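I opened the model today to look up a few points, one entry at a time. My notes follow in the order in which I took them.

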Amino acid sequence: MSPVELKAIKGRGELRAQPPLPVTRRTTLRGTLFGNELLTTFRRWRTLALLAVLAAVPILVGIAVKIETSDGSQAGPGGGDGGPAFISQITNNGLFLVFTALAATLPFFLPMAIGVIAGDAIAGEANAGTLRYLLVAPAGRTRLLLTKYATVLTFCLVATLVVAISALTVGAILFPLGDLTTISGTQISFTDGLGRAFLIALVVAASLTGTAALGLFVSTLTNSGIAAMATTVGLLITVQILDQIPQLHAIQPYFFSHYWLSFADLMRDPVYWDDLTKNLGLQALYAAVFGSAAWARFTAKDITA
Amino acid sequence: MAPYESDDSTSAGEADDLHPGRRKAARYVVPVAVVGVAAATIGLVPALADSGDPDLPKISAQQLIEKIAKSDVQQMSGTVKVTTDLGLPDLGGLESSLTSGAARGSGDGSSADPSTKLTELATGTHTLRVAADGPDKQKLSLLENAAEYSLIHNGKDVWGYDSQSNEVYHSTVADSADAKQKQDETPATPDQLAKDALKAVDDTTSVTVQGTAQVAGRDAYRLVIKPKDSGSTVGQITVAVDSRTGLPLKFTLTPASGGAAVIDAGFTQISFSKPSASTFDFKTPKGAKVTEDDRSDHADGSLKGADKGAKSDEDLGKGLDGLNVIGEGWDSIATFDTGGQGVPSGSEAGGGAFGGFLDSLGDKVSGKFGSGTIFKTRLINALITDDGKVYVGAVDKAALVKAANAG
């Protein structure tokens with residue numbers, strides 16, 4: 001945000017002292033525009049249901065691994081491929097459930113949740129007929145769009161942390177914790193492991209920024225929230241399928257999902273940064289391209305609803 | 001996108017007033033410009049970075065080879081990218097299940113066994129990490145998707161760790177001479193590949209220094225090794241040698257038929273500082289399945305061999321009875337008699353899908369020797385005659401037929 005905008009927000013904060021007016025959220029300027037958006041988004045049942053689904057994934061994985069290994073056998077197919085990354089390590093250290101849960105949710109559950117929130121951002125308002133009232137407030141379209149994007153990004157982070165914290169809790173309850181072995185075979189302390197888990201959660205959240213920008217752009221194209229969500233999730237599935245076709249290997253490095261699983265490189269010792277930086281660069285590129293496309297569309301659009 | 005009302009009304013608005021419409025369209029220049037800048041950056045930055053081959057004092061091939069021989073890099077760590085393209089069909093998962101199945105069959109079930117893992121390098125692109133600190137501490141890691149295979153040599157112990165399956169392979173070496181040998185078995189470091197290639201230097205080979213290159217940010221000489229005979233499928237071998245330490249940094253083998261390199265192994269990043277000691281520390285992780293290797297004691301191994309991994313070696317040995325090598329240098333062809341029937345052609349194999357499959361793998365040839373089938377890859381060709389003789393070499397089809405005619 002520019003200094004001017006920051007000042008504007010600060011200025012509006014003075015109004016916070018006033019008693020809340022008994023009117024609907026849009027006509028009040030309670031808090032900042034961003035704070036207001038956050039509150040609206042995270043108070044929706046839809047959002048809470050999405051977060052609940054995300055929190056359930058590590059619980060299911062944890063219980064499944066616990067039951068499978070209750071007779072003392074190894075988790076996962078011994079020696080073979082299959083199953084999400086790190087799954088064979090969970091029984092030895094509950095912290096690995098965090099990595100497994102993120103690896104399991106990143107390809108689909110997390111981006112789907114982002115697609116729903118991002119697709120709904122503008123189109124949902126238009127659908128409900130509240131977009132024009134939002135624009136009546138002297139905020140400007142660019143700032144509204146930025147606020148919407150910031151809200152979606154916050155949701156990315158919150159969703160990832162919900163998965164990580166749920167996984168950590170389940171892992172701590174069901175499995176032992178302690179020093180862990182990196183995938184390079186070296187030992188790191190539990191605190192170091194926790195630090196890496198947090199870093200991985202941040203990287204996973206950052207991996208979703210491209211999807212968020214794409215969803216926001218789609219959202220400015222239509223006035224139907226459902227259509228925007230369906231399109232975003234549809235694009236996501238299409239890209240994931242295309243990423244599996246070997247004949248397309250020349251263009252695959254430019255798919256936003258191509259380097260998603262590179263977060264696992266943080267568990268190498270020393271960390272292998274190549275794919276991680278590629279991933280972050282790619283996400284920044286998607287955010288810039290689709291963010292500016294969304295800006296071009298939204299600021300030029302006639303708002304009829 | 002779905003035709004919703006606002007889309008229509010936008011165009012209606014544009015029709016009313018052309019000027020604002022054009023201004024609206026102008027906004028789309030921004031995302032297009034971002035795409036353009038990104039594309040230009042992706043296209044230009046590597047080109048700019050590559051532009052200058054370093055200026056190094058002239059050096060003869062002899063001096064350069066000596067430099068390599070004298071090279072004594074004790075401490076280093078780096079990332080190596082290995083691309084192998086033998087022209088074999090990419091069997092993907094099937095291949096890995098075949099190789100692991102084969103390893104199982106020979107008695108040792110551990111996916112952490114080095115020989116199982118290193119066969120994976122035969123196709124595709126792989127990223128490896130190497131680290132070394134003196135003769136007693138080395139580490140080689142094969143980077144996989146969200147997993148890693150590490151081979152750690154620290155003092156007396158050699159550990160193999162497969163993080164995917166959480167399996168550990170352990171063997172001991174008597175002293176560092178043995179460890180050296182263990183290292184020799186891993187073919188992928190540029191250093192080793194270069195030394196192997198230089199062994200083949202004789203009358204049949206031309207070795208020259210051709211220009212310089214930048215490898216992993218270091219200035220390097222390019223040593224070009226070419227077979228003098230025309231029958232070889234090897235086009236040329238290029239070794240990039242670090243100008244300061246004499247360490248080979250990149251090894252490229254291009255086939256005579258042209259196209260992409262068959263083997264391309266090179267450092268993408270290298271550092272000559274001492275790797276941290278923890279790199280070589282390996283403690284068996286909790287819950288890991290450990291396979292102790294009793295083959296390391298070879299005197300004993302021959303006894304136990306019957307039910308252990310040596311069994312397959314024995315079979316192989318039987319198959320290689322009567323192995324002859326025809327010719328020398330690059331054109332040498334290995335030949336042996338399987339005593340069998342050769343490869344049945346499509347019709348003999350009962351026709352149908354299986355016969356067609358066999359025929360599609362090889363080309364039928366005939367000559368004075370009779371007839372046979374040639375199996376081709378981009379580097380190694382093999383001729384199996386119908387009376388069961390096999391000729392294998394890094395030579396072209398004509399040379400194989402000639403050898404068969406002579407033999």
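**Entry 1: N279(A)**

I started with N279(A), which lies in helix 11 (residues 274-300) of chain A. This is a predicted model, so I read every value below as computed. Is N279(A) buried or exposed? N279(A) has 0% relative accessibility, so it counts as buried. I then looked up what N279(A) touches, leaving out residues up to four places away in sequence. The list is S207(A), Y259(A), W260(A) and S262(A).

**Entry 2: L38(A)**

Next I went to L38(A), in helix 2 (residues 33-43) of chain A. L38(A) comes out at 21% relative accessibility and therefore counts as partly exposed. The cut-off matters here, because buried means under 20%. Which residues does L38(A) contact, its neighbours within four places in sequence left aside? I found T151(A) and T154(A). I also checked L38(A) against A159(A). They are 121 residues apart in sequence. In space, C-alpha to C-alpha, the two are 13 Å apart.

**Entry 3: chain A as a whole**

Chain A holds eleven helices and two strands. I wrote down the order from the N terminus: α-α-α-α-α-α-α-β-β-α-α-α-α. Of the 305 residues in chain A, 53% are buried. I looked at contacts with a separation of 6 or more in chain A, and 73% of them are between residues 24 or more positions apart.

The unreviewed entry annotates "transmembrane region" over residues 48-67, 95-118, 149-177 and 197-218 of chain A. I compared two of these spans with the model. Residues 48-67 of chain A are 100% helix and 0% strand. The end C-alpha atoms of that span are 29 Å apart. Residues 95-118 of chain A are 83% helix and 0% strand. Here the end C-alpha atoms lie 30 Å apart.

**Entry 4: a helix pair in chain A**

How do helix 5 and helix 9 of chain A pack? Helix 5 covers residues 109-128 and helix 9 covers residues 209-221. Their angle is about 35°, and the axes are 7 Å apart. The crossing of helix 5 past helix 9 in chain A is right-handed. By class, the contact has eight nonpolar, five polar and one charged residues.

**Entry 5: chain B as a whole**

I moved to the other chain. Chain B has twelve helices and 18 strands. Of its 407 residues, 39% count as buried. For chain B contacts between residues at least 6 apart in sequence, 53% join residues at least 24 apart.

Why do I call strand 3 (residues 137-144) of chain B largely enclosed by the rest of the structure? Seven of its eight residues are buried, so the rest of the structure largely encloses it.

I followed the pairing on from there. Strand 2 (residues 124-133) of chain B runs antiparallel to strand 3 of chain B, with six bridges. A132(B) stands opposite Q138(B). The hairpin of these strands has three residues between them, and G134(B) takes a positive phi near 75°.

Strand 4 (residues 147-154) of chain B is also antiparallel to strand 3 of chain B, through eight bridges. L143(B) has E148(B) as its bridge partner. This hairpin has two residues between the strands, and A146(B) in the turn has a positive phi of about 55°.

A334(B) stands opposite V392(B).

Conventions. Residues are numbered from 1 along each chain as its sequence is written. Chains are lettered from A and ligands numbered from 1 in the order in which they are written. This is a predicted model: local features need pLDDT of at least 70, side-chain atom pairs count only at pLDDT 80 or more; totals for chains, interfaces and linings use all residues. Side-chain values use heavy atoms; hydrogens and water are left out. UniProt positions are given in the numbering used here, feature names are shortened, and annotations may be inferred rather than shown by experiment. Helices (H or I, at least four residues) and strands (E, at least two) are DSSP runs, numbered from the N terminus. Two strands pair if DSSP finds at least two bridges between them. Axes are lines fitted to C-alpha atoms, for helices over the stretch in contact, and angles run from 0 to 180 degrees between N-to-C directions. A crossing is left-handed if the near helix is turned anticlockwise from the far one by less than a right angle, and right-handed if clockwise. Ala, Val, Leu, Ile, Met, Phe, Trp, Tyr, Cys and Pro count as nonpolar, Asp, Glu, Lys and Arg as charged, and the others, Gly among them, as polar. Buried means under 20% relative accessible area, exposed over 50%, partly exposed in between (1.4 Å probe, protein chains only). Contact means heavy atoms within 4.5 Å.
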